[in-house]
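Dear colleague,

I am passing on to you the structure we spoke about, with the sequence alongside. Please look through it first, and then read the notes below.

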Amino acid sequence: MAEMEKPVIAKVNGDAVGYAQSIMFGCDLIVAREDAVVADVHLNMQDLLGFDTVPGDGGAALVPMHMFPAKAMEYLLLAKAYTAAELECMGAINYAVPQERLDEVVDDLVQRLGVRAGHDQARCEATDCRPSEHDPRRLVGIRVGELPPPSR
């Protein structure tokens, strides 16, 4: 989804937990039902599995693209759940709306995007709106096995 030349809109009409929230945060624009719960539960699997797991389905790389780094760390490390309304207040998603307005808001976005020139959207997707490999927000997404050895 990250390499698509056209914007991808997530229309979230229910809770997005685990892999679903990774897909959601992989989208360019996010419109969610205001009472939808969004959570990455990888580091809260102790009761179910007897151990915790590292976010490995993209969430650790995608979440920091949508949240301030400190909030992203809190969200991932504490497996903290947020409602869509809270995420909208944080600026992590575009719109949190009542369920009855979900289709209307998404349709409006699609309509407004449809009148834009396709090549401009593609350029924005490819360069302007995506963090570069040097963007500090990407550091949260580094897997443990990829970390350099500690310097002494």
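Which residue in β5 is the bridge partner of Val37? Please bear in mind while looking that this is a predicted model. The partner of Val37 is Thr83, and this pair belongs to a part of the structure where strand β4, residues 37-39, and β5 run alongside one another in the antiparallel sense, joined over 2 bridges.

As for the sheet as a whole, 3 strands make it up in the order β2-β4-β5, and the sheet is open, with mixed pairing. The edges are taken by β2 (16-17) and β5 (82-83), each of which has a single partner strand, so one side of each is left without a neighbour in the sheet.

Strand β4 also holds Val38, which is buried, with a relative accessible area of 1%. Leaving aside neighbours within four places in sequence, Val38 is in contact with Ala16, Gln21, Met24, Phe25, Tyr75, Lys80, Ala81, Tyr82 and Leu87. Between Val38 and Ala20, which are 18 residues apart in sequence, the C-alpha to C-alpha distance is 8.6 Å.

On the surface, there is a nonpolar patch formed by Met1, Met4, Tyr19 and Ile23, which together have about 410 Å² of accessible area. One of these residues, Met1, lies in the segment before β1 (9-12), and Met1 is partly exposed, with a relative accessible area of 43%.

Technical notes: Residues are numbered from 1 along each chain as its sequence is written. This is a predicted model: local features need pLDDT of at least 70, side-chain atom pairs count only at pLDDT 80 or more; totals for chains, interfaces and linings use all residues. Side-chain values use heavy atoms; hydrogens and water are left out. Two strands pair if DSSP finds at least two bridges between them. Helices (H or I, at least four residues) and strands (E, at least two) are DSSP runs, numbered from the N terminus. Patches are made of residues with over 30% relative accessible area and no salt bridge: like charges are joined within 9 Å, nonpolar side chains (Val, Leu, Ile, Met, Phe, Trp, Tyr) within 5 Å. Accessible areas come from the Shrake-Rupley method with a 1.4 Å probe; for residues, only the protein chains shown count as cover. A salt bridge is a side-chain nitrogen of Lys or Arg within 4 Å of a carboxyl oxygen of Asp or Glu. Buried means under 20% relative accessible area, exposed over 50%, partly exposed in between (1.4 Å probe, protein chains only). Contact means heavy atoms within 4.5 Å.
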